[in-house]
Amino acid sequence: VSSSQAEVAAVDGITNIISLMEAFKEHQSVQSEACLALIALCAKSSTNKAMVLEEGGIEGIFSAYLSFGSSKAYEGVGLMTKVRACSALISLALDPACKTEMKSSGIIEKFNSILQEDEKIPHELRSLIERLLILTSDEEGDDWLLEFKDGASEDETVVCILAHLRMITNKDDDHHVDTSSLMQNSLRAIRKFSSSRAVQESACKVLACLYSSNQRQTGAEQSYIDVLEAVEVSLREHQNCHTVVAAASSVISNMCTTCITPADEEPSQILSDTFYTIILEVVNAMELCIDDITAAEQTSGALWALCNAKPSLVVSLGTINPGKSNTINVLIDAMKKFPSSIELHRNAIGVMHSFFIQSENIIKDERSIACVVNVSSVLSKFMKESEGEVATIGTALQILKVLADERGHDAKIALSENDEIIAAIVSCMFSYPDSLVIQGTACDIIRTLAVNNLKRSQICHQGGTTRIIDSLRRMKTDSYFVYKGFMALENL
């Protein structure tokens, strides 16, 4: 709401306008200008719309529409008054309480009769009346957005998109949804109202729903590019708005999961460039909205889905926000803020796995000892506190194994000095005795971190040796694990 809207309302401007409309019912210019003023005062202002409703303004606006009933009703000021009155009612109809009042007072029914009985209504006015009737209808059809794509206001566009969203999420198996039209109209809305958070959030939610099921088509690459470019704009223009960021990120995650896989043909250079650009926007938005759990979960999910769809994207993760603020640190901060979010940890650990294992040339900052220690700490905490997350814990252990084996002697020493790691590993071996991945990877890490007699003694004291021996009994027929277990015991 603009400051001028609030100021006018604060000095009883709306009350006075409605009073003047009542006092000068037969004065056409007063009615016309009053309707125009109410349109301006109520735009995007639920407070002012409520005030118009409370002061009886809806009935006054309808009276203004009817005020010029002569043969000149559709000429000059007469037509302008009707157009402005109808536009004012359309703006108010976007408010549920105002919509209810229009229907209960019989105004909508009267407009229905006017539309059916008067064949002389000019096209411009007829279109406005039809728009009002659709907005106040209880029926939500597949063609709502098609009705509003030309000339629709921001508020009307939001209403239509939300109607489509309800239709998609509540549809039954027999209800046909024209996904192509929905997608194109959602993209059109995103482009037309790029500065509107409500439009961006609603349109992205529609796209996310559409891509929650497989929308793969032959030659669909251009449609992927169109959607990703639109979503990129949403992220860039509204990177501080956690609801828009969450909705936009869910589009990326769903598209990559259902439509794009590493097994696909090598994407075009344009699509590859789009991937690299959008992953930058996702991380920037994640950092700015890191205090919101939904945004953190959705942005981390988008990162993980992008890395799955195109593994080479992990190279770019090391170049985002170079220095103190980088991708891995952002993920670590999110994991620390929301330790109980399993979804966030799954996503973040998946991204870290890609980052540390699949990429060989990562910038030096990411290889720093501080980074290694921070990663190991959040992974250890997750492994100790999460129950039933066998696959994700196995992935976390694989990351620790790489950090211990492939980041040099200093990294190995830093990890060996972190007592949380061994405690977490021993705990996992106890909790998941039948998981070959967990038992084998845990043995590898124990063998690597047993760097001196003091550390060997600590590992034994924390139960590491007992757990290895117990696993050897359980998996004595698996030669691969037996080898790993013997190697760990040998170093202990």
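This dialogue reads several features of a predicted model.

Q: What is the mean pLDDT of the protein chain, and what share of residues reach 70 or more?
A: Start with the predictor's confidence in each residue, on a scale from 0 to 100. In this chain the mean pLDDT is 82, and 85% of the residues reach 70 or more.

Q: Which elements have the lowest and the highest mean pLDDT?
A: Helix α10 (residues 144–148) has the lowest, at 45, and helix α5 (residues 57–66) the highest, at 92. Over residues 140–149 the pLDDT is below 50, and this stretch has 32 contacts in the model beyond near neighbours in sequence. Residues 361–366 are also below 50, with 15 contacts counted beyond near neighbours in sequence.

Q: How many helices and strands are there?
A: The protein chain has 28 helices and 0 strands.

Q: What share of contacts joins residues 24 or more positions apart?
A: Taking contacts with a separation of 6 or more, 71% are between residues 24 or more positions apart.

Q: How much of the chain is buried, and what is its accessible surface?
A: Of the 492 residues, 50% are buried. The accessible surface comes to about 22500 Å², and carbon and sulfur atoms account for 50% of that area.

Q: Why does E33 count as partly exposed?
A: Partly exposed lies between the cut-offs for buried, under 20% relative accessible area, and exposed, over 50%. E33 has 46% relative accessibility, so E33 counts as partly exposed. This residue belongs to helix α3 (residues 28–42).

Q: How far apart are E33 and M80 in sequence and in space?
A: E33 and M80 are separated by 47 residues in sequence, and their C-alpha atoms are 9.5 Å apart in space.

Methods. Residues numbered from 1 in each chain as written. Predicted model: local features only at pLDDT ≥ 70, side-chain atom pairs only at ≥ 80, totals over all residues. Heavy atoms only, no water. Helix = DSSP H or I, 4+ residues; strand = E, 2+ residues; numbered from the N terminus. Buried < 20%, exposed > 50% of the residue type's maximum accessible area, 1.4 Å probe, protein only. Contact = heavy atoms within 4.5 Å. Areas by Shrake-Rupley, 256 points an atom, 1.4 Å probe, with all protein chains shown as cover.
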